Amino acid sequence: MAASIQFLNFSAQPCFHNSATRLHAFSTQDYKHSIGVNNRISTTHGHVIWCENREYNINPDETVVEKTNNNKLKILIAGGGIAGLVFALMAKRSGFEVTVFEKDLTAIKGEGKDRGPIQLLSSALGLLENVDKDVVRDISEAGYVTGDRANGLADANTGNWFAKFDFLTPALKKGIPVTQIICRMELQRVLLNAVGGDLVINNSRVVDFVNDPNKVTVLLENGEKYEGDLLVGADGIRSVVRSKLFGPNKEPKYSNFICYTGVAEFHPNHVPPFGYKIFIARNQYFVALDIGKGRMQWYAFDKEARDSPIPSAGNKSKLLETFGDCCDEVIRIIHNTEEHMIIRRPIHDIDMLNTWGKGRVILLGDAAHAMLPNLGQGGSMAIEDCYWLMTELRNLAERNPFSTVSLDELAISFKRYEKKRMFRISTVHSICRIASVLTSFYSTYLTIGPLPFFNMSALRVKHPSFVVSNTLLKFVLPKFMDWVLVGQE
Ligand SMILES: Cc1cc2nc3c(=O)[nH]c(=O)nc-3n(C[C@H](O)[C@H](O)[C@H](O)COP(=O)(O)OP(=O)(O)OC[C@H]3O[C@@H](n4cnc5c(N)ncnc54)[C@H](O)[C@@H]3O)c2cc1C
């Protein structure tokens, strides 16, 4: 019975609207309470064990799929990041055979440590919840809700808000989880636990594939070969699968920004009072997120040449100088960060492709559409991709319960997935680029002085570019955020 419920909810796309979902819209604590944290009986080596009487321990998958689908698709996935693991989880819950090739699981953890926490949007969490409520519950337990706080854009010089995003109302209206923050390593752990380590082959770097009419063969660096019905390229911004599929000319593009990331420590009573705040200045922006327990994760984007030298005096003193004109909130956050907690990296995205699939191979997540991280969207978009591609594959398997899936049928499914996703992804991708470019024209005040008799900046005249970007950001970005948060039907 539990099995059928799980299956029907995934295939019939609209999500659950139960009380537990609504409750954790208010806070993680309420949610933990509503689902009954007492069900958790032990946590050993990162593996969470739940009481036998929990509905989802019944392991619904195989029974359901055998009833509806004797033709188990065999899915190979390159990459065990967010996209690869979420897709593997959805494939497993759909009763398909799945194998994930990850070049280095410890690197995932290293990357997670380096990149710090990640913001997950309501839209993505809502879709994930349709597939596996336990995983969303575990994410909520490990994460921190920011969607019920002040979130939005501010001027970096004054710290004044000029646009606020309402993360709460769209989630409440739709009955989906509120946007939250989770440490990447925790997220990977939760996903890996749910997928099961036996489905993920570590130290397996995909180097090539052969796209035949009736099968795809994946070639690993160690010479091993694996055959499947389809290959999903979830191998990130420098995707080998993408370059083999469409040629090496779709390489990542430098954004003109170096990103410095850090975690500041505060006394819990003195944490700046917001959930997520983007401070904008000319050729710079600073994003700060409250990640709970008195810690604040931040990203400082500075317009610099890609090969600009690593600051000899250290990243912290460089940032205190470069962001020196910013408001106290920004300066205090940098001050409260230890030098060793600051990581520096050039930021890239890729140009949008007009198709993501060919033959038996399809891309998702950053492999398909890596975008700039300034609005914190890439991971959520990857999760959404997984859901909509899996929906197509489930429909395909249901239409062909007893026969091998043909190339033509796969092409139709891939096209439907692209059609579903292309507009949304292109819009988000473009808005991230526009928001980044706008900083080049941004200025709080008119600064054409000093003139012979006076300095214009002293008059604090609003710069025309400020008025334009202010108007754009103030009215367009909150609408954009509402649209992103609600997701796709
Ligand atoms: C500074 C920064 C901050 C960000 N903040 C946010 C945020 O707050 N919210 C958000 O939603 N997004 C954010 N993003 C974007 C987000 O990190 C990405 O969109 C997301 O990680 C994409 O997931 P993915 O699985 O597609 O790719 P990845 O996370 O890159 O995973 C790819 C995986 O494939 C593996 N791999 C690569 N090549 C091979 C191969 N040949 N064979 C086998 N395995 C391979 C890699 O080891 C890796 O594990 C941020 C990005 C950056 C840079």
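**A friendly walk through the chain**

The secondary structure of the chain comes to 18 helices and 21 strands (DSSP runs numbered from the N terminus, with helices being H or I of at least four residues and strands E of at least two). This is a predicted model, where local features need pLDDT of at least 70, side-chain atom pairs count only at pLDDT 80 or more, and totals for chains, interfaces and linings use all residues. Residues are numbered from 1 along each chain as its sequence is written.

Reader: What percentage of the 489 residues of the chain count as buried?

Author: A residue is buried if 20 or more other C-beta atoms, placed from the backbone, lie within 10 Å of its own. Of the 489 residues, the share that counts as buried is 47%.

Reader: How many residues of helix α7 are buried?

Author: Helix α7 covers residues 122-131. Ser122, Leu125 and Glu129 are among its buried residues. Helix α7 is largely enclosed by the rest of the structure, because the buried residues number ten of the ten.

Reader: Are α7 and α8 parallel or oblique to each other?

Author: The axes of α7 and helix α8 (residues 133-142) come within 6 Å and cross at roughly 135°; axes are lines fitted to C-alpha atoms, for helices over the stretch in contact, and angles run from 0 to 180 degrees between N-to-C directions. Angles under 35 degrees count as roughly parallel, over 145 as roughly antiparallel, 65 to 115 as roughly perpendicular and the rest as oblique. The two helices, α7 and α8, are therefore oblique.

Reader: Which residues in α8 do Leu125, Leu128 and Glu129 in α7 meet?

Author: Two residues are in contact if their C-beta atoms, placed from the backbone, lie within 7 Å. On the α7 side are Leu125, Leu128 and Glu129, and their partners in α8 are Lys133, Val135 and Val136.

Reader: How are α5 and α10 oriented to each other?

Author: Helix α5 (residues 82-93) and helix α10 (residues 184-195) pack with their axes 9 Å apart, at an angle of about 25°. Helices α5 and α10 are therefore roughly parallel.

Reader: Which element gives the largest share of the shell around the ligand?

Author: There are 35 residues around the ligand, and Gly79, Gly81, Gly236, Gly365 and Gly378 come nearest (a residue is near a molecule if its C-beta atom, placed from the backbone, lies within 6 Å of it). Elements giving two or more residues include α5, α6 (105-115) and α15 (378-399). The largest share, four residues, comes from α15.

Conventions
A residue is buried if 20 or more other C-beta atoms lie within 10 Å of its own, exposed if 12 or fewer, and partly exposed in between; C-beta atoms are placed from the backbone.
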